[in-house]
Amino acid sequence: MIRIPRPSRRLGPLLDAFRARVGRDPDGAWFAPGRVNLIGEHTDYSGGFVLPLAIEYGVLAAVARRDDGRLRCWSLQEPEPADLRLDELGPGKVQGWAAYPAGVAWALAQADGGAELGGMDLVVDGEVPAGAGLSSSAALECATALALAELSGLQRAGALDRLGPVELAAAAHRAEVEAVGMPCGVMDQMISMLGQPGHALFLDTRTLEAEQLPLPLDEAGLRLLVIDTRAPHRLVEGAYGERRAAIEAAARVLGVAELRDATPAMVEDAADALGDPGLRRARHVVRENARVLEAAALLREAAPDRLGPLLAASHVSLRDDLEVSCPELDTAVAAATDSGALGARMTGAGFGGSALALVPAELEERVGAAVLAAFEAAGFRPPEVIGVRPAGGARRVA
Ligand code: GLA
């Protein structure tokens with residue numbers, strides 16, 4: 001019932017697919033992971049704190065250099081390939097899935113001291129279900145970014161020294177915001193580049209200061225279950241931008257640069273000026289930032305078993321104050337909690353996608369079964385329950 005990913009098994013078929021499409025061997029293959037955010041939701045576009053972990057689900061990319069200025073892209077999940085000219089890339093220029101790799105090629109070319117790309121053939125295989133809220137797009141961007149940077153590094157010695165993982169995450173983020181047009185924060189690209197096995201990443205999204213915090217689930221007798229509700233992402237882009245606008249407006253009312261600079265007391269004192277829903281939107285962000293700091297402190301104390309109440313409070317806040325949950329996510333969280341999870345919450349942007357549940361190892365099957373039963377009783381599509389462990393970030397695999 002609970003699925004465990006094995007990305008290494010997919011490498012052989014990807015290399016075969018590359019040879020079949022391109023007619024030669026790739027120069028290499030790269031993997032970048034999706035992510036689950038433990039806590040710190042909708043805080044990364046107002047300079048706040050997040051605590052995500054990389055998972056073993058991700059995107060594999062087989063890539064070979066070209067020298068004719070063309071970028072040719074295939075995906076094993078998408079019917080349409082793309083054949084693009086590097087000098088014609090830019091914001092809004094490419095539609096569909098290839099906007100992500102094309103956006104990365106454009107952003108890297110823009111980056112200071114960035115890559116000189118001669119052209120690329122790229123074949124990708126994504127195991128993160130699109131729409132599951134597990135950052136399939138950041139995985140695609142980061143696998144492409146690392147591949148392009150390493151291959152252009154071969155062309156020009158020293159390029160890699162200037163384009164480390166944080167710069168590559170920034171280029172991938174720029175691709176998503178400017179080239180694709182999704183006004184997201186930087187969390188997903190940072191964790192996809194910087195993830196470490198056995199660790200969650202405590203990230204200050206203003207300074208990009210990052211701290212690897214041990215999350216020894218097995219040693220603590222815990223499991224982290226991801227429940228992909230398979231509910232269609234409803235209105236996600238418009239509603240995401242609307243929440244972002246409301247949070248930026250609240251910062252202006254409070255007279256701070258970003259909500260990162262506001263305290264819960266400042267928000268409550270400005271209740272009248274913020275109005276409704278402004279007050280609730282701002283309340284979510286400042287309280288969520290405080291919860292991330294508490295969660296990070298618990299991980300530093302090696303007490304992941306005490307995270308439950310923070311996860312529960314985060315979900316209530318996302319449901320009632322930010323209003324980004326949905327019936328399927330609420331059902332998953334309630335069923336997991338009622339059947340023994342220490343805590344559960346929606347993860348990612350919301351409006352569908354996935355929930356996570358922190359579960360004592362011995363209750364894993366019971367919680368999984370309870371979630372499936374609750375979905376059936378509610379008449380929802382069966383969800384997918386996935387066991388995850390904190391995994392490594394983007395890397396070369398062949
Ligand atoms: C999406 C965005 C992230 C972040 C989350 C919500 O995953 O890509 O930047 O804002 O939603 O926390």
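Here is a short chat about the pocket, the ligand and the cavity.

Guide: First, the ground rules: this is a predicted model, where local features need pLDDT of at least 70, side-chain atom pairs count only at pLDDT 80 or more, and totals for chains, interfaces and linings use all residues. Residues are numbered from 1 along each chain as its sequence is written, and side-chain values use heavy atoms, leaving out hydrogens and water.

Visitor: How much space lies in the largest pocket?
Guide: Picture a 1 Å grid over the protein atoms alone: a pocket is an open set of points with protein on both sides within 12 Å along at least five of seven lines. Points are joined across faces, edges and corners, and the volume is the space filled by probe spheres set on them. For the largest pocket that comes to about 870 Å³.

Visitor: Which helix gives the most to the lining of that pocket?
Guide: Lining residues have an atom within 4 Å of a grid point, and the largest pocket has 40 of them, with Tyr100, Gly131, Ser135, Ser136 and Ser137 closest to its centre. Helices here are DSSP runs of H or I with at least four residues, numbered from the N terminus. The top contributor, with four residues, is H3.

Visitor: Which side chain has an N or O atom 2.6 Å from a ligand oxygen?
Guide: The ligand takes up the space of the largest pocket. We're after polar contacts, pairs of N or O atoms within 3.5 Å. Aspartate 188 has a polar side-chain atom 2.7 Å from a ligand oxygen, while alanine 349 uses a backbone N or O atom at 3.5 Å. The side chain at 2.6 Å belongs to glutamate 41.

Visitor: How much of the ligand's area does the protein bury?
Guide: Accessible areas come from the Shrake-Rupley method with a 1.4 Å probe. Taken alone, the ligand exposes 310 Å². The buried part of that is 95%.

Visitor: What is the volume of the largest cavity?
Guide: A cavity is a set of grid points where a 1.4 Å probe fits but cannot get out. Searching the whole structure turns up one cavity of 30 Å³ or more. Its volume is about 40 Å³.

Terms used: A polar contact is a pair of N or O atoms within 3.5 Å; within protein, one must be able to donate a hydrogen and the other to accept it, and residues adjacent in sequence count only if both atoms are side-chain atoms. A molecule sits in a cavity or pocket if more than half of its atoms lie within 2 Å of its grid points. Helices (H or I, at least four residues) and strands (E, at least two) are DSSP runs, numbered from the N terminus.
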